[in-house]
Each structure stands twice: as structure tokens, then as C-alpha cells.
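Here is a guided look at a protein model for someone meeting it for the first time. Have the sequence and the 3D view at hand, and follow along heading by heading.

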Amino acid sequence: MDIRQYLDFHRFAIEKQFEIILEYQKRLEASVRAAGFAEARANDRSLEYMAADLDPDEIFTQRDVWLRFEWLHRAQQESKASQNRLQEIEQHLSGINQLCGLILQSAKQGVSAVNGSTGWGMGRVVGSTELLGNVILQARNQASHYEEGSPKQRVKDCFAHLHADFGIPDDLTKNLARYVVFDVLGWHSYNAYEADMLGNF
């Protein structure tokens, strides 16, 4: 089997993963916009509540007490809405990371199926020192095992280089698959992924 045959065999699955990522990105953009509005509303409500406490006459009627309660309640509600939007953003990013991890897994299986253990020393130079095969292998390993919190030295070394060359995060306790797929490898579409695989393996 050569790399073209491998890619043809798995094309449908990988194309769909890129399509789902695109949908996640649209939802992410919408959530980011909504989070900005929600945060602004939360800040407005909080300022409104704090301003109520600055009543210069310091005469608190029963109505003042209820108004303050109402302002506090509104501020809390807006704050909850803001927190919910932030959670949505985290869920979208998590989904994108999972899909990028699957793309890296597929690339790793393709390199391995076609080139065996020699594949990790193949491919274009990524950044200043890494080869594409090794980036695929180590990024796949990081995405699959980051929760264990004990990355192998090869993963640490590779990501130290990627951090230095591309400025991606270096916290290996978090899934960094999306940074590798998009920012390091430039796989923004199935066509970019396919061209890189065909051109290097």
C-alpha cells in the first residue's frame, strides 16, 4: 500500500472531520461574540449594583432594599450567562481538539502503514529542527495521553521546539492538537492535509 491508497481509503472519514471542525469554528465564533456581549452586560449590572451602594443620603427605605436585591439578582444572572458562554467556548475548543487528535492519529497510522518505523524520520522540516513524521508521531502521542500528565522525553523535546519556533502553548497537561494541526502544520482543510501527506510520504 502506498500513501495515496491509504488516503483514498480513509478520505471520507478525514474529510468529515475537517467539515465538523469548520462547523465547530462557526459555533466558536458565535459563542465568542455572545460571551463578549454577556460579559459587557454582567459588568454593566455589577456597576449598577455598586453604584446603588454609593447612595449619598445613606437613607435606606424598604424600596431601596428591594431595589438593591433586584440589582444584585440581575448582576448575578448576567454573570451566570457570561459563565455559560465561557463554558460553551471551552466545549467547542475541546471538540476541535478531539477532532484534530483524530486527524493526527490517522496521519500517524498512514505514515506507519506505508513506511513502518522509518516514517518518523521522513518529511519536510517543520520549524527549525523537526521533521514532519516526528511532529505527527509526537503530537499524536501528546493528544492521546496528555491527561496522564507524564509525557515521554521525545514528546517534551518536540513540543519545546514547536513552542520556540511557532509560539504554541507548552503546557503538555492540555490537549494541544489544534495548535499543531492549524498553527504548526497548516492543515486548515482536507486538501492541505492530503497534499502534505502525499508530498512527504
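## Helix α4 and its buried face

In this predicted model, helix α4 buries Val 155, Cys 158, Phe 159 and Leu 162. Seen down the axis of α4, these buried residues fall within an arc of 95°, so they line one face of the helix. What do the buried residues of α4 pack against? Their partners are the strands β1 (125-126) and β2 (130-131), together with the helices α3 (132-145) and α5.

Helix α4 covers residues 153-166, which makes 14 residues. From its first C-alpha to its last it reaches 20 Å, close to the 20 Å expected at 1.5 Å a residue. After the helix comes Gly 167, with a positive phi near 70°.

## The chain as a whole

Reading from the N terminus, the order of the elements is α-α-β-β-α-α-α-α.

The protein chain has 201 residues, and 38% of them are buried. Take the contacts with a separation of 6 or more: 70% of these are between residues 24 or more positions apart.

## Helix α5, largely enclosed

Is α5 largely enclosed or largely open? Six of its eight residues are buried, so α5 is largely enclosed by the rest of the structure. You can pick out the buried ones as Ala 177, Arg 178, Val 180, Val 181, Phe 182 and Val 184. Following α5 is Gly 186, where phi is again positive, this time near 75°.

## The largest pocket

Next, look for open space. Rolling a probe the size of a water molecule over the atoms shows where empty space is left. The largest pocket holds about 230 Å³. Its lining is made up of Glu 90, Leu 93, Ser 94, Asn 97, Gln 98, Tyr 146, Lys 174, Asn 175, Leu 176, Arg 178 and Tyr 179. Four of the lining residues are nonpolar, four are polar and three are charged.

Which elements each supply at least two residues of this lining? They are α2 and α5 (177-184), and α2 gives the largest share, with five residues.

The C-alpha atoms of Lys 174 and Glu 147 are 7.2 Å apart, although the two residues are separated by 27 residues in sequence.

## Helix α6 and its two sides

Helix α6 runs over residues 190-200, and its buried residues are Tyr 190, Tyr 193, Glu 194, Asp 196, Met 197 and Asn 200. They cover an arc of only 165° around the axis, which puts them on the same side of α6. On the other side, Asn 191 and Gly 199 are exposed.

Arg 11, in helix α1 (residues 3-52), is in contact with Tyr 190, Asn 191 and Glu 194, leaving aside its neighbours within four places in sequence. Arg 11 counts as partly exposed, at 28% relative accessibility. The other residue is Ser 106 of helix α2 (residues 62-115), which touches Tyr 6, Ile 14 and Tyr 193 when residues up to four places away are not counted. With 6% relative accessibility, Ser 106 counts as buried.

Finish with Arg 140, which belongs to helix α3. Is Arg 140 buried or exposed? Arg 140 is buried, since buried means under 20% relative accessible area and its own value is 17%.

Leaving aside neighbours within four places in sequence, Arg 140 is in contact with Leu 104, Gln 105, Lys 108, Val 135 and His 145. Its C-alpha atom is 8.2 Å from that of Leu 102, a residue 38 residues away along the chain.

Technical notes:
Residues numbered from 1 in each chain as written. Predicted model: local features only at pLDDT ≥ 70, side-chain atom pairs only at ≥ 80, totals over all residues. Heavy atoms only, no water. Buried < 20%, exposed > 50% of the residue type's maximum accessible area, 1.4 Å probe, protein only. Helix = DSSP H or I, 4+ residues; strand = E, 2+ residues; numbered from the N terminus. Arc of directions from axis to C-beta. Contact = heavy atoms within 4.5 Å. 1 Å grid on protein atoms, 1.4 Å probe; cavity = no way out; pocket = protein on both sides within 12 Å on 5 of 7 lines; lining within 4 Å. Points joined across faces, edges and corners; volume = space filled by probe spheres on them. Nonpolar A, V, L, I, M, F, W, Y, C, P; charged D, E, K, R; others polar. Expected span 1.5 Å × (residues − 1).
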